[in-house]
Structure formats: structure tokens, C-alpha cells
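Trainee: I would like to go through this model and ask what stands behind each label.
Mentor: Go ahead; we will set each value against its cut-off.

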Amino acid sequence: MKKPKYEIDDRVSFTLDNIVITGTVVVVDAYGTFENPNEVSYDIIAVWEGKDTLFKHIGEHMILKKV
């Protein structure tokens, strides 16, 4: 498995159902998850519909860039 591109507290933009969301990395799953053990994933907190929302297991391929 490769080294994670992003770290805790990085601000990133990612896509979810063709919507771009910007948030802050709060967890790095450097060794993957049960759903996808071969890809680094992240838990990201972002404001969604006016509330702080935790998006879990966002695969590295879904992250567009660090902002």
C-alpha cells in the first residue's frame, strides 16, 4: 500500500455523487478499510446542509485536491 497523500487537518475537496464537497481530514485509514483494503481512505468533516457532517471512508481516488 502506498503512503497517504493527505494528513489530519488537511483541507481537501472530494466528490460524492457528482457533488464537490470541501472539508477537513480527521482520520487517515492508511491501511484501507474492510470495504476496500487496498486503498487509503479518509474520514472528512464538512458542512453539509448547514450542519457539520462526518463523511467516512472517502477513498483517495475521490479526493480532487488539497485546498
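**Labels and their grounds**

Mentor: Start with the turn: β3 and β4 form a hairpin with 2 residues between them, and Glu49 in the turn has a positive phi of about 50 degrees. Keep in mind that this is a predicted model.

Trainee: What makes β3 and β4 a pair of strands?
Mentor: Two strands pair if at least two bridges are found between them. β3 and β4 have 7 bridges, in the antiparallel sense, so the pair meets the requirement of at least two. As an example of residues facing each other, Val47 stands opposite Asp52 in β4.

Trainee: How do you know that β2 and β3 pair?
Mentor: By the bridges again: β2 and β3 have 5 of them, antiparallel. Thr24 has Ile45 in β3 as its bridge partner.

Trainee: How many salt bridges does a search of the whole structure find?
Mentor: The search finds 2 salt bridges.

Trainee: What makes the contact of Asp10 and Lys66 a salt bridge?
Mentor: The closest N and O atoms of Asp10 and Lys66 are 3.5 Å apart. The cut-off is a side-chain nitrogen of Lys or Arg within 4 Å of a carboxyl oxygen of Asp or Glu, so the pair qualifies.

Trainee: Are the two partners, Asp10 and Lys66, buried or exposed?
Mentor: Buried means under 20% relative accessible area, and exposed means over 50%. Asp10 has 10%, so Asp10 is buried. Lys66 has 52%, so Lys66 is exposed.

Trainee: How do you know that Asp43 and Lys56 form a salt bridge?
Mentor: Their side chains meet at 2.9 Å, N to O, and the limit is within 4 Å. Asp43 lies in strand β3 (residues 41–48) and Lys56 in strand β4, so the pair ties together parts that are 13 residues apart in sequence.

Trainee: Which labels do Asp43 and Lys56 get for accessibility?
Mentor: Asp43 has a relative accessible area of 4% and is therefore buried. Lys56 is at 46% and so counts as partly exposed.

Trainee: Why is Leu54 called partly exposed?
Mentor: Leu54 is found in strand β4, and its relative accessible area is 45%. Partly exposed is the range between the buried cut-off of under 20% and the exposed cut-off of over 50%, so the label follows. Setting aside residues up to four places away in sequence, Leu54 touches Val26, Asp43, Ile44 and Ile45. Leu54 and Gly23 are 31 residues apart in sequence and 9.2 Å apart in space, C-alpha to C-alpha.

Trainee: Which residues make the nonpolar surface patch?
Mentor: Val26, Val27, Ile45 and Leu54 make the patch, of about 270 Å². Val27 is found in strand β2 (residues 19–29) and counts as partly exposed at 30% relative accessibility.

Trainee: What makes Glu60 buried?
Mentor: Glu60 has a relative accessible area of 7%, and buried means under 20%. Glu60 sits in the loop between β4 and β5. Not counting residues up to four places away in sequence, Glu60 touches Lys2, Pro4, Lys5, Tyr6, Glu39, Val40, Ser41 and Tyr42.

Trainee: And why is Lys51 called exposed?
Mentor: Lys51, in strand β4, has a relative accessible area of 60%, and exposed means over 50%. The C-alpha atoms of Lys51 and Tyr6 are separated by 24 Å, the two residues being 45 residues apart along the chain.

Terms used
Residues numbered from 1 in each chain as written. Predicted model: local features only at pLDDT ≥ 70, side-chain atom pairs only at ≥ 80, totals over all residues. Heavy atoms only, no water. Helix = DSSP H or I, 4+ residues; strand = E, 2+ residues; numbered from the N terminus. Buried < 20%, exposed > 50% of the residue type's maximum accessible area, 1.4 Å probe, protein only. Contact = heavy atoms within 4.5 Å. Patch = residues over 30% accessible without salt bridge, like charges linked within 9 Å, V, L, I, M, F, W, Y side chains within 5 Å. Areas by Shrake-Rupley, 256 points an atom, 1.4 Å probe, with all protein chains shown as cover.
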